[in-house]
Amino acid sequence: MLDEKILNYFKKHEEGYVSGEELSQELDISRAALWKHIENLRSEGYEIEAFPHLGYRLISIPDRLTEIELKYQLKTEIIGRKIYSYEQTASTNDIACVLAMHGEKQGSIVIAESQTAGRGRMSRKWISPKSKGAYFSVILRPDILPREVSSITLFSALSVAKTVREMTDLNAFIKWPNDVLINNQKICGILTEMNAETDKINFVIIGIGININTSKDALPKGATSILEESGKEVSRLDMARSIFRNLDKYYRLFKAGRIGEIIREYKELSNFLGTRVQVSYHDAKIEGYAVDVDKEGALILRMDSGLNERVLAGDVTMLR
């Protein structure tokens, strides 16, 4: 892809100008063809300076979640080997599901600048303002039983929380099973969907929505963003790439059978353990003390009777 080659060449020579003749020879295209590609990149938001007798210089790149920029120096083994990027779509999970049904390899990502029908768990709507957050879905094909899929939700939440902590000075915590919170307000939701048989998973779709540079007035009650909590904008490109790298790291640990390491880190960043909680699932509600998360991602509740209850799904509300 010529646009990608041009950009990568600029990035390798970011300290100075690149002559049009040099670049034309490198790409084996005419100067006129090169100019057309430069103009196309400018129309996509790239700031490229042209100076007589010196050549071209890349001044800045747009903070758009495109395949070219997301894959630049990504250096992952599984996650992001193929990226499908859209300006707008109804739901990245829906597109990823269709791709997976047609044999798309694991690690492929569908990402969009906005969604018109983004959704979270229990069919809740996920607000996806254009060019403010990162909304993407990842296709995985793990060799596990359907009952083990909850662990994938855990390391996905861990990947996001770790990224926020690595890139900002904000203390991101995880509320079981999959919400990432800052100051007890939600910045990220994760929807895990699977296609499975009785004893085999065909594929899993991890849908992740994270509020990055979203203003408070564009968010529902109880939600926040990195911008609102830190007071400054963050590169969406850098954050998305970092999440991909962490997903890649933890998925490889998961595949290697090192789930214990993942659970340990997950619990270190969890804010609900040791507290009394209420878990709601459909019309049922139970209360108890959250004492542990097991290797399959289940929440262990110590009931008032003294017995432990293993909870596989539900919404957690911390009571005290």
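Modeller: Start with asparagine 184, in the loop between S7 and strand S8 (185–197). Helices (H or I, at least four residues) and strands (E, at least two) are DSSP runs, numbered from the N terminus. This is a predicted model, where local features need pLDDT of at least 70, side-chain atom pairs count only at pLDDT 80 or more, and totals for chains, interfaces and linings use all residues. Residues are numbered from 1 along each chain as its sequence is written, and side-chain values use heavy atoms, with hydrogens and water left out.

Asparagine 184 has a phi near 60°, a positive value in a residue other than glycine. Its relative accessibility is 60%, so asparagine 184 counts as exposed. The cut-offs are under 20% relative accessible area for buried, over 50% for exposed, and in between for partly exposed (1.4 Å probe, protein chains only).

Lysine 75 also has a positive phi, near 60°. Its loop runs between helix H4 (67–71) and strand S3 (83–86). With a relative accessible area of 77%, lysine 75 is exposed.

Why single these out? Most residues other than glycine have a negative phi, and most peptide bonds are trans.

Tryptophan 176 and proline 177 are joined by a cis peptide bond, with omega about 0°. Proline 177 sits in the loop between S6 and strand S7 (179–182).

Helix H3 (residues 31–43) has 13 residues, and its end C-alpha atoms are 18 Å apart. Leu34, Ile38 and Leu41 are buried in H3. They cover an arc of only 60° around the axis, which puts them on the same side of H3. The arc is that of the directions from the helix axis to the C-beta atoms. Ala32, Lys36 and Ser43 are exposed on the other side of H3. The buried residues of H3 pack against helix H1 (2–12), helix H2 (20–27), strand S1 (47–51) and strand S2 (55–60). Contact here means heavy atoms within 4.5 Å.

In H9 (residues 259–268), the buried residues are Ile259, Ile262, Ile263, Glu265 and Tyr266. They fall within an arc of 165° seen down the axis of H9, so they line one face of the helix. Their cover includes helix H6 (150–167), strand S6 (173–175), helix H8 (236–255) and strand S11 (284–293).

One more loop residue deserves a look. Glutamate 296 lies between S11 and strand S12 (299–302). Glutamate 296 is buried, at a relative accessible area of 16%. Its side chain makes a polar contact of 2.9 Å with that of arginine 310. Such a contact is a pair of N or O atoms within 3.5 Å; within protein, one must be able to donate a hydrogen and the other to accept it, and residues adjacent in sequence count only if both atoms are side-chain atoms. Not counting residues up to four places away in sequence, glutamate 296 touches Arg147, Glu148, Ser150, Ser151 and Arg310.

Now the whole chain. The protein has nine helices and 14 strands. Of its 320 residues, 52% count as buried. The C-alpha atoms fill a box of roughly 80 × 45 × 35 Å along the principal axes.

Conventions
The expected span of a helix is 1.5 Å times one less than its number of residues.
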